[in-house]
Each structure stands twice: as structure tokens, then as C-alpha cells.
Amino acid sequence: LYGFTCPQAEAIVRQEVVKGLHADIGFAAGLVRMHFHDCFVRGCLLESTADNTAERDSPVNNPSLRGFEVIDSAKARLEEVCHYGKSVVSCADILAYAARDSVALSGGPRYDVPGGRRDGTVSIASEVNDNIPAPTFNLEQLTQNFAAKGLTQEEMVTLSGTFHASTACVHATFTQGLILFTRVHAGAHTIGRAHCTAFSDRLYNFSATGDTDPTLDPEFMAQLQHACPASADDGSVDPNLVVPMEQHTPYALDTLYYSGVLHNRGLFTSDQALLTSAPTAAQVHQSAYGVYPWKTKFVAAMLKMGQIEVLTGGSGQIRVKCSAVNYY
């Protein structure tokens, strides 16, 4: 798309992603998660204003959503190099490219991302809870959540290894491969970290019983309780504590997330929920032992997700600054 107007676009974004990951490897999971949020809601890059609280300041995202500085740096460079009287490269495309590069730099598959997205002008914090899947979701809730965005149950399982791993506060987000006992959603839960508050109920007060989740592997349970000790009798934990989404390869996008789920070592209720039906359990097993088939399905699902409710043509705008709407 930018072959004539900004041929350096993808190279510049990749350079900024590499620079960002050198500063903080956790940005990889953050950027994948950010792309997921931008696709599932309406615009996580916009900052709040005096009369509106934006998505990025929702309790689900703040302070766990990270990587904004990478997007801002890439945008600033592109505005300098490819600004011909108007902005050329959209923030939505920059984020899609950055997520793709984060996947590749984390050991995941490399793939081409089509450009042409335009930027939205609306970002409302109250819309986040209704669109982003929670770590407590059961299989039916997960399936319905993804179906509402035009994604199949199979695509949900595929992305679960990638997006559960990027949420680190109240919800888990999908970002497989970049976690070290932190917190994330299904699919991307193989990368990144998750806050203990996202799964502490499984450790101390599962289903309000005052007991532990019986489906969680006992040895894994003990490890999590050590990393996330209860700070009160009600089982509450320090909200600042985090753990890797996947203990063995926390910064790699791989399929160990699925192996963990098979052995009852998924962090979230929503992770173990993938084993509650024969079709999804079979897919988890296939993904755990078939790296290349999973990568193929992962690329297809990521590309499809990147087209959810996308703005093109005359819709939206090309923002000059990713954190603010153009008011002219």
C-alpha cells in the first residue's frame, strides 16, 4: 500500500520495535495485546481528554497495557519521512505492523500484513469490559465473545495461546510466548506476564468456596501461591505482583502454552476452559504437539483479527499523533 507514498514504512516500524524490545523485552507481548485491544474495541491508542476517559485508562488496561512509546516513536519518524502535506501512514497500520514484528522477534512466524487501515476517532473506557474476554470466562463465554467479532471457536483457541498472555491487570489478554508469571488471555497466553489478581481466586477462593481450584495441578498451585501470597484472609493479593504467562519460555511465542493447559497448568479459568469440550480439547492437543500447523492457523487468525471492523476509504482519519484525534 505504501510502496509509493512511504516505502520505508514497515522498515521504520520494525526498527522502532527492535529498539523498544532492546529496552524492555516485555513490549513484545504488550504490542500484540495492544493490537488485540485495538481490534476488539475501538481505539486503545487515544489518550483521555478532559471530557472523556479513553480505553487505555480503563482499569483493564491501566497500568498493564504497554508499548505506547514504541508506536509513538514510529509515528514520529514516519511523519518526518513521509509527510507530504498530510499524514500518510495510519496509527492502526503502525500497530498492526508492530504486533506482527513482535511476533516474529519472539520466535513466532513471519507474515505479511496488508495496509490501508484508517484511524478511528472514538475511544471510550466503558466499552472495554463488554468487548475484552475476562480470565474468568468459561468456554461458552469465550466462544460468544469471539463470535461477536466474526471469529470462530477454532480461531479463538488458536489466538488464546497468544492473547491471554498480554493482559496484566484485571483481565488476561492473548499474547502467547512473552510472559514470565504475569497475566494474559487465551492464545497469547504463551508470551508475557500476568498480574496475580487475574487468577488469585483459583488459589484462595475458587467460585467463592474459600478453597482452591481443584482442576489446577497441585505442584503448579504451590508455585503460584508462593509467587502470589495472600495478603488477607479473603485471599486478596498484592495487585503489583506478576508472574510469567508461561514459565519455561516466557519471552518466546511458542506452543508450550497448550502443553501447560493439557497438564492443568493454565493460569486462568479461561485457559482450562479450553479442555471442557471435545473439539476444543482436541485442538489444544493438536496445537501442543503440532507447532507448524499451529503457526499456519495463527497467521490466518491474526490477519482475520486485523480486519475486524476496520476503517478504510473515507472513514476515520489518518492521525498526525496516535494519542490524539485530528481536530481539523
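Trainee: Which residues does the UniProt annotation "binding site" (unreviewed entry) cover?

Mentor: Start with the ground rules. This is a predicted model, where local features need pLDDT of at least 70, side-chain atom pairs count only at pLDDT 80 or more, and totals for chains, interfaces and linings use all residues. Residues are numbered from 1 along each chain as its sequence is written, and side-chain values use heavy atoms, with hydrogens and water left out.

Now the sites. The UniProt record, an unreviewed entry, puts a "binding site" annotation on Thr190, Thr249 and Asp254. UniProt also places a "binding site" feature, again from an unreviewed entry, at Pro133. UniProt positions follow the numbering used here, feature names are shortened, and annotations may be inferred rather than shown by experiment.

Take Thr249 and Asp254 together. Thr249 lies in the loop between strand S2 (242–244) and helix H10 (256–262). Asp254 sits in the loop between S2 and H10. Helices (H or I, at least four residues) and strands (E, at least two) are DSSP runs, numbered from the N terminus. Thr249 is partly exposed, at 23% relative accessible area. Asp254, at 18% relative accessibility, counts as buried. The cut-offs: buried is under 20% relative accessible area, exposed is over 50%, and partly exposed lies in between (1.4 Å probe, protein chains only). The side chain of Asp254 also reaches the backbone nitrogen of Leu256, at 3.2 Å. That is a polar contact: a pair of N or O atoms within 3.5 Å; within protein, one must be able to donate a hydrogen and the other to accept it, and residues adjacent in sequence count only if both atoms are side-chain atoms.

Pro133 has another setting. Its place is the loop between helix H5 (128–131) and helix H6 (139–147). With a relative accessible area of 0%, Pro133 is buried.

Glu55 is located in the loop between H2 and H3. At 1% relative accessibility, Glu55 is buried. Leaving aside neighbours within four places in sequence, Glu55 is in contact with His37, Val41, Arg42, Gly43, Cys44, Asn61, Ser123, Ile124, Ala125 and Val128. Contact means heavy atoms within 4.5 Å. Ala125 stands 70 residues from Glu55 along the chain, yet their C-alpha atoms are separated by 3.9 Å. The Glu55 side chain also reaches the backbone nitrogen of Cys44, at 3.4 Å.

The loop between H2 and H3 holds Ser64 as well. Ser64 is buried, with a relative accessible area of 6%. Ser64 and Gly30 are 34 residues apart in sequence; C-alpha to C-alpha, they are 8.4 Å apart in space.

Two packed helices are described by the angle between their axes and the distance between the axes. The axes of helix H2 (residues 27–40) and helix H3 (residues 68–81) come within 9 Å and cross at roughly 80°. H2 and H3 are therefore roughly perpendicular to each other. By size, angles under 35 degrees count as roughly parallel, over 145 as roughly antiparallel, 65 to 115 as roughly perpendicular, and the rest as oblique. Axes are lines fitted to C-alpha atoms, for helices over the stretch in contact, and angles run from 0 to 180 degrees between N-to-C directions. From H2, Phe27, Leu31 and Met34 meet Phe68, Glu69, Val70 and Ile71 in H3. By class, this contact of H2 with H3 has six nonpolar, no polar and one charged residues.

Past H3 comes Ser90, in the loop between H3 and helix H4 (91–105). Ser90 is buried, at 0% relative accessibility. Its side chain reaches the backbone oxygen of Arg117 at 2.7 Å. Not counting residues up to four places away in sequence, Ser90 touches Tyr2, Arg117, Arg118, Asp119 and Ile318.

Two backbone angles deserve a check. Ala208 has a positive phi of about 60° although it is not a glycine. Ala208 lies in the loop between helix H8 (200–204) and helix H9 (218–227), and is exposed at 67% relative accessible area. Glu309 is not a glycine either, but has a positive phi of about 45°. Glu309 is in the segment after helix H13 (291–305) and, at 53% relative accessibility, counts as exposed.

The protein has 13 helices and two strands. Of its 328 residues, 58% are buried. Among contacts between residues at least 6 apart in sequence, 68% join residues at least 24 apart.

Note on methods. Ala, Val, Leu, Ile, Met, Phe, Trp, Tyr, Cys and Pro count as nonpolar, Asp, Glu, Lys and Arg as charged, and the others, Gly among them, as polar.
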